[in-house]
Amino acid sequence: MRLAADLDLGFAGPALRRCGLYLGPLSVAIAAADLLDRVVWLVPTGVLLVGWAAAQALTSVGTAVADRYGPAAGARLAGAGFLGAAALWAAAVWVAPAALLGGDRWLAAGIGAGGLAALATMTAALVTRAETAVIGWSVPCWALAAVAGAGGFDGSRLGPPLLAAAIAVALLRAFRPAFARRLPQRPSPQRAQVRRSLGFLIVGAAQALCLVLLWRSGRPGPAVLPVLIAVPLLEGLVGWHVRQVDAGLDLAESSAGLARHLRGVALVTVAALLPPLAVGGTLAVTAYSLPPGLAALPGARAGVLALAAGTLLGGVFTATCLLTARGRVGYAAALAVAPPVAVAALPMLPAVALDRMTLLVVVLTATHFVGLLTVASTAADHRRTP
């Protein structure tokens with residue numbers, strides 16, 4: 001059997017909608033850039049770590065609950081989870097030394113509330129399948145990000161209240177199903193769903209830590225840009241892969257035909273993971289073979305290495321998302337955790353004398369290669385996508 005309809009682009013719509021949802025939290029961060037500059041880096045790091053881990057876990061279990069009990073139950077579960085995350089953040093801000101927060105506890109608490117609300121909005125939209133509507137209600141956040149990026153709020157007190165109002169509008173729309181008059185049936189997630197959500201929690205926390213490693217590399221621009229470019233590409237690849245596997249299971253006329261179809265899907269999927277590895281490796285080699293004139297420029301080598309690290313991390317994220325989409329959450333968690341753990345542990349070995357950025361590139365290269373092999377070994381799985 002041929003790859004299910006080469007011209008079938010049905011996966012593109014959901015992928016684009018998910019990317020549109022991701023723009024919500026990103027635009028909030030851009031609009032709040034002036035506020036983020038007034039706190040230490042640990043504050044946005046903590047918000048990203050808690051919020052993205054909660055978003056991954058609650059999207060997993062919330063979607064399962066919504067499919068079984070309805071969108072109201074899923075939205076309420078997601079809301080309760082993020083209320084717990086907000087309580088955890090408030091407690092951390094309350095007990096943390098002021099020096100770790102930049103000296104302003106209320107500002108740190110407000111940044112956490114805004115960031116968690118933006119991520120909760122994205123999660124509720126995914127759980128209730130209301131992506132298109134929530135994207136429309138997130139346009140004010142995008143507009144404020146554009147104004148802030150152009151310097152429109154410099155020195156003005158108008159920006160924070162407008163941003164808070166924009167976040168609240170999108171949040172209320174995303175959680176509208178939770179306010180239904182009829183109480184939903186009490187959800188009782190199955191043990192398998194809970195274990196799966198815990199795996200997603202680990203994946204989300206590890207992904208956040210990897211982004212923090214890039215951000216704190218000293219060259220955040222070249223490092224983070226490839227990751228932003230990789231997001232729509234990985235969403236498209238994951239959507240295509242899942243659609244092809246499910247189509248093969250539905251349309252295959254024989255076991256041999258299904259096996260051929262899945263081998264073709266696996267081949268295309270693995271081929272799509274090769275460019276980030278090749279480009280990242282080439283950039284890493286180039287960083288240490290720059291012409292003398294370029295090598296003498298301050299930060300030239302570091303910038304090329306940061307670009308390599310971002311490219312490789314985009315590939316690692318893609319492999320991780322492919323594994324989670326196929327139900328291999330344990331493999332995905334191990335793959336996601338490997339880079340931050342290795343970067344933290346390897347400098348303790350006396351034989352390792354690499355600077356942090358070079359070490360990060362080496363670790364991401366190895367992780368990407370392992371992820372590619374893991375995807376290759378699981379992509380032809382005959383089980384339906386969970």
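What follows is a short exchange about a predicted model.

Colleague: How do you know how confident the predictor is in the protein?
Modeller: The mean pLDDT of the protein is 87. Of its residues, 89% reach 70 or more.

Colleague: Where in the protein is confidence lowest, and where is it highest?
Modeller: Helix α12, residues 292-295, is lowest, at a mean of 70. Helix α5, residues 105-128, is highest, at 95.

Colleague: What makes α11 and α13 roughly antiparallel?
Modeller: Their angle. Helix α11 (residues 255-287) and helix α13 (residues 300-325) pack at about 165°. Angles over 145 degrees count as roughly antiparallel, so α11 and α13 are roughly antiparallel to each other.

Colleague: How far apart are the axes of α11 and α13, and which hand does the crossing have?
Modeller: The axes are 8 Å apart. The crossing of α11 and α13 is left-handed.

Colleague: Which residues meet between α11 and α13?
Modeller: On the α11 side they include Thr 269, Leu 273, Pro 276, Val 279, Gly 280 and Gly 281. On the α13 side they include Arg 301, Val 304, Ala 308, Thr 311 and Gly 315.

Colleague: Why is Val 279 called partly exposed?
Modeller: Val 279 lies in helix α11. Its relative accessible area is 42%. Partly exposed runs between the buried limit of 20% and the exposed limit of 50%, so Val 279 is partly exposed.

Colleague: How far apart are Val 279 and Ala 308, in sequence and in space?
Modeller: They are 29 residues apart in sequence. C-alpha to C-alpha, they are 7.4 Å apart in space.

Colleague: Why is α10 called roughly antiparallel to α11?
Modeller: The axes of helix α10 (residues 220-251) and α11 cross at roughly 175° and come within 9 Å. The cut-off is over 145 degrees, so α10 is roughly antiparallel to α11.

Colleague: Which residues of α10 and α11 meet?
Modeller: In α10, Trp 240, His 241 and Gln 244 are among them. In α11, the set includes His 261, Val 265 and Thr 269. Thr 269 is also listed among the α11 residues that meet α13.

Colleague: What makes Thr 63 buried?
Modeller: Thr 63 sits in helix α3, residues 42-69. Its relative accessibility is 18%. Buried means under 20%, so Thr 63 counts as buried.

Colleague: Which residues does Thr 63 touch, leaving out those up to four places away in sequence?
Modeller: Leu 58, Leu 126, Val 127 and Arg 129.

Colleague: What stands out about the phi of Arg 129?
Modeller: Arg 129 has a positive phi of about 60°, although it is not a glycine. Arg 129 lies in the loop between α5 and α6.

Colleague: Why is Arg 129 called partly exposed?
Modeller: Its relative accessibility is 48%. Exposed needs over 50%, and buried under 20%, so Arg 129 counts as partly exposed.

Colleague: Why does Leu 373 count as partly exposed?
Modeller: Leu 373 is in helix α15, residues 356-378. At 45%, its relative accessibility falls between the limits of 20% and 50%, so Leu 373 counts as partly exposed.

Colleague: How far is Leu 373 from Val 270?
Modeller: Along the chain, 103 residues separate them. Their C-alpha atoms are separated by 8.4 Å.

Colleague: Are Cys 19 and Cys 141 buried or exposed, and how many disulfides are there?
Modeller: Cys 19 has a relative accessible area of 15%. Cys 141 has 4%. Buried means under 20%, so Cys 19 and Cys 141 are buried. The structure holds 0 disulfides.

Conventions:
Residues are numbered from 1 along each chain as its sequence is written. This is a predicted model: local features need pLDDT of at least 70, side-chain atom pairs count only at pLDDT 80 or more; totals for chains, interfaces and linings use all residues. Side-chain values use heavy atoms; hydrogens and water are left out. A disulfide is a pair of cysteine sulfur atoms within 2.5 Å. Buried means under 20% relative accessible area, exposed over 50%, partly exposed in between (1.4 Å probe, protein chains only). pLDDT is the predictor's confidence in each residue, from 0 to 100. Helices (H or I, at least four residues) and strands (E, at least two) are DSSP runs, numbered from the N terminus. Contact means heavy atoms within 4.5 Å. Axes are lines fitted to C-alpha atoms, for helices over the stretch in contact, and angles run from 0 to 180 degrees between N-to-C directions. Angles under 35 degrees count as roughly parallel, over 145 as roughly antiparallel, 65 to 115 as roughly perpendicular and the rest as oblique. A crossing is left-handed if the near helix is turned anticlockwise from the far one by less than a right angle, and right-handed if clockwise.
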